[in-house]
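Subject: Structure handed over, with notes

Hello,

Here is the structure you will be working with. My notes follow it.

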Amino acid sequence: MENIIMITTVPYPVFFQRHAELLDGLWDFHFAGDTPCAIANVPYDDLMPVPGVFDMSPRYIGKRGFAYYRKKVLAPANRKIRLHIGGLGFRASIFWDGVEVGVDDLPYSGMDFVFDSGNGETHELVFEIDNRFHKELSPLLHQYYDFYCYGGFYRSVELHVLPDCWFERVRVTTEDLTTGQVQLDIRLGGNVPETFAFDLAFDTGAYKTFCEKPVNGRILLSLPVPDFKLWSPETPNLHTVSLRTADDGITERFGIRTVTTGEGKIYINGKSIRLKGFCRHESHPQFGPVQPRQLLIEDLQNLRTLGCNFVRGSHYPQDPQFLDLCDQLGFLVWEESLGWGNRTEQMANPSFFNSQVRQTGLMVRNSYNHPCIILWGFLNEGCSWEAANRPLYEALVKAIKEEDTSRLVTCALMGKLQDQCVLDLMDVISMNQYPAWYAYNPDEVRPLHEIPEAIERIRTAIIDGGHQNKAFILSEIGAGAIYGWRDRMRAHWSEEYQADYLGTVLDVMKENPWMTGIALWHFADARTYTSSYALGRPRTINDKGILDDFRRPKLAFDVVKEKFPTIN
Ligand code: ADA
């Protein structure tokens, strides 16, 4: 059979030769509030789309509690079923024909559940979604986070019917840039035979048959990719590898590239590069975290126009659709697991600690084949200056390195560099700073001079601490601007102040080549908390975006667009 790569609407990996169905569409819906329903007696009285967040729809806006989604699905009797959830929030109990088959308790994470289909061909799939804040049940999300925490399906849901022995994933790791040799780490599931025969093809090449002996369900193969082309930001060449048996098939997409660091720089394929970009929330004023392709394309067009080569996916595992596009368009990505300003009390909580370790390892497994990802991060602005919290940082670095030693590890620190107790764990040092916004001197109207002073203090601390051989990323810096607010005084909240602010930041970056990278905070305005903290967030929006939430450019857009290309 020709090597047919199914062009599906879901991101890679693509499965073929098995029944793989997208369950997106309209589901039966009922919102129950604080009192959960018995699964058999849910009074469905509405419809809701998947993907979609019910708490942004007018009837349920802002509501928190138990929400029930139901869909009738067809699946053959007595087969293994794989349910893939692209990402939801906060948590969901999953029921198949009234029986609980799993709990998805990792917001924004792609998760798989494998279970038996049971008798009959028509089945009832129900999700009981809970979007309430709860320290034990949902330890990864908190009301005080500076981004709104939605309830519903953030990404697509797929249902697969599995063969007796199936392909889980195939991880592809670059081994040699000169020969195009890659390592294939083939992961199998189900009843794995002692000897496993399969066909393998790169790109649209001919299939070749292999017969290997799996060890613990894994097969490692090192093979050169025929007619290989390297992946880089300038030449984002991608390859695919397809594996098939008589009753299953998988196509993974990958890029042949290396990312390394040394002497204070980051190298792609041995060539040093400076990272110029933005932090980006998955957020839209009407659809929340659900991202139609149109939005993804528009955001990446804007980033390209701004002269960016880099995106920090803040502050959670990213939509694989977005990562696929970054692969194709040659953007470099920092992907991080979910965390925001977590303090010692949370880090000591076993439920939080374990959820952090689980979601961080899962993020790496899910995103492993994206060449765009060069940095793994976690615990944004966590309490990294108290030694008591070091064990969690050590556990997260371990969770990453156990899955992937081909990329760099960092995390966005806050506070003073001198106070940190985790720098030795980081391949790259990253810090968030907001001089002249959360200004040091409240008596000044436009304290822009604080920007070069703050960056010079960081430089001094790096040298004094002996860290000058580590690359440094200014992982956040920015100022708020209310879209449409123009002010002759060019003071806080005006578009003018933000334009002057970011212009100053990029002038400083241009004069300081030791700054390996920058991620301005942030790309587009995004809804945030609706608590008392909101007094610092007009309209409950984090409006430090260079575009507003509808992607309308502010004055600063043209300033950054002019300056980024001059920084090399
Ligand atoms: C922090 C945080 C961001 C955002 C920013 C701000 O650095 O990491 O998510 O909250 O501050 O706007 O103050």
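What volume does the largest cavity have? The largest cavity has a volume of about 60 Å³, the volume being the space filled by probe spheres set on grid points that are joined across faces, edges and corners. A cavity here is a set of points, on a 1 Å grid over the protein atoms alone, where a 1.4 Å probe fits but cannot get out.

The model is predicted: local features need pLDDT of at least 70, side-chain atom pairs count only at pLDDT 80 or more, and totals for chains, interfaces and linings use all residues. Residues are numbered from 1 along each chain as its sequence is written, and side-chain values use heavy atoms, with hydrogens and water left out.

Searching the whole structure gives three cavities of 30 Å³ or more. The lining of the largest cavity (residues with an atom within 4 Å of a point) includes Tyr12, Arg169 and His370. Two or more lining residues come from each of strand S21 (249-254) and helix H2 (320-329); both are DSSP runs numbered from the N terminus, at least four residues (H or I) for a helix and at least two (E) for a strand.

Now the ligand. There are 13 residues around the ligand, each with a heavy atom within 4 Å of it. Among these 13, Asp146, His315, Glu381, Tyr438 and Glu476 come nearest.

Regards

How values were computed:
On a 1 Å grid over the protein atoms alone, a cavity is a set of points where a 1.4 Å probe fits but cannot get out, and a pocket is an open set with protein on both sides within 12 Å along at least five of seven lines; lining residues have an atom within 4 Å of a point.
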